[in-house]
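Dear colleague,

I am passing on the structure we spoke about, and below it you will find my notes on what came out of the analysis. Please read them with the coordinates open beside you.

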Amino acid sequence: MPGRGKFIWVSSGVAAVILIALPFVLSRFWVGIFTEILIMALAGMSLNFLLGYAGCLSFGHGAFFATAAYTTAILMTKTGLSQYLIVLLLAPIMAALLGAIIGVLVSRLYAFYYAIMTCAFTMVLWSVIRRWRDMTGGDSGIVGVKFRGLLEGTNDVYFFTLAIVVVCAVILWVIGNSPFGWTLRAIRENPVRSSFTSIDVVKHRYLALIVSSFFCGVAGSLHVIYTFGAFPELAFWTKSGDIVTICILGGINSFFGPIIGSMVLILLETFITSYTLYWPFILGVIICAVVLLMPQGIMGLARVFSGKKPEEMSS
Amino acid sequence: MFFEVVNLQKSFGGLKATNNVSLHIKQGDICSLIGPNGAGKTTFFNLITGHIKPDAGQVLFQGEDITGKPAMAITRKGIARSFQIVNIFPQLTVYENIMVAVLSQKRRSFNFLHPAKKIETGEIDRLLESIGLTRQKNMLGGQLSHGNQKRLEVGIALAMKPKLLALDEPTSGMAVEEKAAILETIKSLIRATGCTVLLCEHDMSVIFEVSDYIWVLHNGAIVANGTIEEIKNNEVVQRVYLGGRA
């Protein structure tokens, strides 16, 4: 499909130009908002790797986000470690370790049960964070995390986040199109037939969770630069709910869906909260509308308009 | 003995679906399992391919005891199965359906780095050609006609390079011309790959055309076995299944 390939290259090029030019055109406030959009887009892409490809609905990704955020905050404030790049590697590893533990218990579960168990885990983590005052600062979280050097200005933080998110997106894209990624899709479609094709369904789902939690951890670590701290709310189920919403809004059958979903969700929230306090109500209505009227999300709708089938998982 | 089942038993509540079934298959044979509806053919298939565990008895494949092993392991050992009710990957294209099976057979399903669609393309295309689905390779599995979905079923099983191919009613739900066509395809595939086949069918014309040996199942138990001629002339079989005529 050569026309399609060209379309992707052109639109990626346009997007790249816009993303790079952004900080020179917008105010600091908006550059900050777009930094958050990038972070949540990565969180969404990490969940979508699990949800769109492997068909596992995790309602507990906030746990990985929070684990990495707290690891980052703790390492930067309580240890002598000041090289952020090392922390950026260690924090997602901690998140992936948590994924490895949770995975042992959830990889045999499906649908609703998978969602409930992962949700339960993130709430347990939330409780632990709130009580473990010495380590986590309890209810107040950890504040005042300083980043020296390259990560001090709003624009610098934005470009750093952009670079990391793009690298992670490329890696997720490569893994998604590898034999592993396609095996996950087969498992999503038909786990029984997959096992009759000698695919180890449980092991693949387990690994998918570890990959997903690692990249969600990257997003969580980047979040600390943006907010200068780590807070218990990151592990509360609503954060996980935000990440799921981003995926569904953008379209779980699309690789770029979470990027669109993150942009729409955060921009809408920013606009609407400047007019009314009732953002949660409006968000609820939006989610209902999406689920009922366009279950394939925004990218699914875009595919319909371009004459293709919305269910095909591609870009 | 290439494949042997000894005193296999399975009950569901009060129903004895598999009642002390013993049978054997010689390597290279096309062996058929026939019986009226509810005889327990699909349960038997499920037991020997690892979908469900037997209550008692043994399943031996090339001398190895595979009783109660999971489907994934049994498939790895060389027994591949197609399903009576089409069981493919509906939202994947025909090419992707076969691709996933081939990648798994080649033990590359944990490969993170290479683009999957550039690997083993020759083998996948050959398989598609042999099941007659080359033209449909970019169609979604769920969009295929019933007959083509059945071909894809067999294709996925064949991609596993099985030594024993267990086909559960491969021609069910098909029109006469389609049946003849898929039968030809299956026969040529068997000739080409040399695999042993356990075939379960309702259509007696199919059975009498291809079988080297036949086992007859009724109410979960084997009531007769033999060559085509022996079965055609068997009184019990005539009464139970063929309705009194040969």
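Among the contacts in chain B between residues at least 6 apart in sequence, 65% join residues at least 24 apart. Please keep in mind throughout that this is a predicted model. Chain B is built from nine helices and ten strands, and 43% of its 246 residues count as buried. A compact globule with 246 residues would have a radius of gyration near 18 Å, and chain B, at 18 Å, agrees with this. Taken along the principal axes, its C-alpha atoms fill a box of roughly 55 × 40 × 35 Å.

Chain A has 14 helices and zero strands. Its radius of gyration is 19 Å, close to the 20 Å that the globule rule gives for 315 residues, so chain A is as compact as a globular protein of that length. The C-alpha trace of chain A spans about 50 × 45 × 40 Å along its principal axes, and buried residues make up 50% of the 315 residues. For contacts in chain A with a separation of 6 or more, residues 24 or more positions apart account for 78%.

Turning to where the chains meet, the contact takes 23 residues from chain A and 29 residues from chain B. On the side of chain A that touches chain B, α7 (154-176), α8 (179-189) and α9 (191-195) each supply at least two residues, and the largest share, eight residues, comes from α8(A).

From α7(A), the residues V157(A), T161(A), I164(A), C168(A), L172(A) and I175(A) meet V211(A), F215(A), V218(A), L222(A), I225(A) and Y226(A) in α10(A). The residues of this contact of α7(A) with α10(A) divide into eleven nonpolar, one polar and no charged. As background to such spacing, an α-helix has 3.6 residues a turn, so residues three or four places apart point the same way.

A further helix that I examined in chain A is α12 (residues 257-273), whose 17 residues should span 24 Å at 1.5 Å a residue; the end C-alpha atoms of α12(A) are 24 Å apart, which agrees. The buried residues of α12(A) are G257(A), P258(A), I259(A), I260(A), G261(A), S262(A), M263(A), L265(A) and I266(A), and these pack against α2 (28-53), α11 (237-250) and α14 (297-305) of chain A.

Most residues other than glycine have a negative phi. Phi of N20(B), however, is near 55 degrees, a positive value in a residue other than glycine; N20(B) lies in strand β2 (residues 15-25) of chain B and is partly exposed, with 14 other C-beta atoms within 10 Å. Phi of N219(B) is likewise positive, near 50 degrees, and N219(B) lies in the loop between β9 (213-218) and β10 (221-226) of chain B. N219(B) is partly exposed, with 15 other C-beta atoms within 10 Å.

With best wishes

Note on methods: Residues are numbered from 1 along each chain as its sequence is written. Chains are lettered from A and ligands numbered from 1 in the order in which they are written. This is a predicted model: local features need pLDDT of at least 70, side-chain atom pairs count only at pLDDT 80 or more; totals for chains, interfaces and linings use all residues. Helices (H or I, at least four residues) and strands (E, at least two) are DSSP runs, numbered from the N terminus. The radius of gyration is taken over C-alpha atoms; the globule rule is 2.2 Å times the number of residues to the power 0.38. A residue is buried if 20 or more other C-beta atoms lie within 10 Å of its own, exposed if 12 or fewer, and partly exposed in between; C-beta atoms are placed from the backbone. Two residues are in contact if their C-beta atoms, placed from the backbone, lie within 7 Å. Ala, Val, Leu, Ile, Met, Phe, Trp, Tyr, Cys and Pro count as nonpolar, Asp, Glu, Lys and Arg as charged, and the others, Gly among them, as polar. The expected span of a helix is 1.5 Å times one less than its number of residues.
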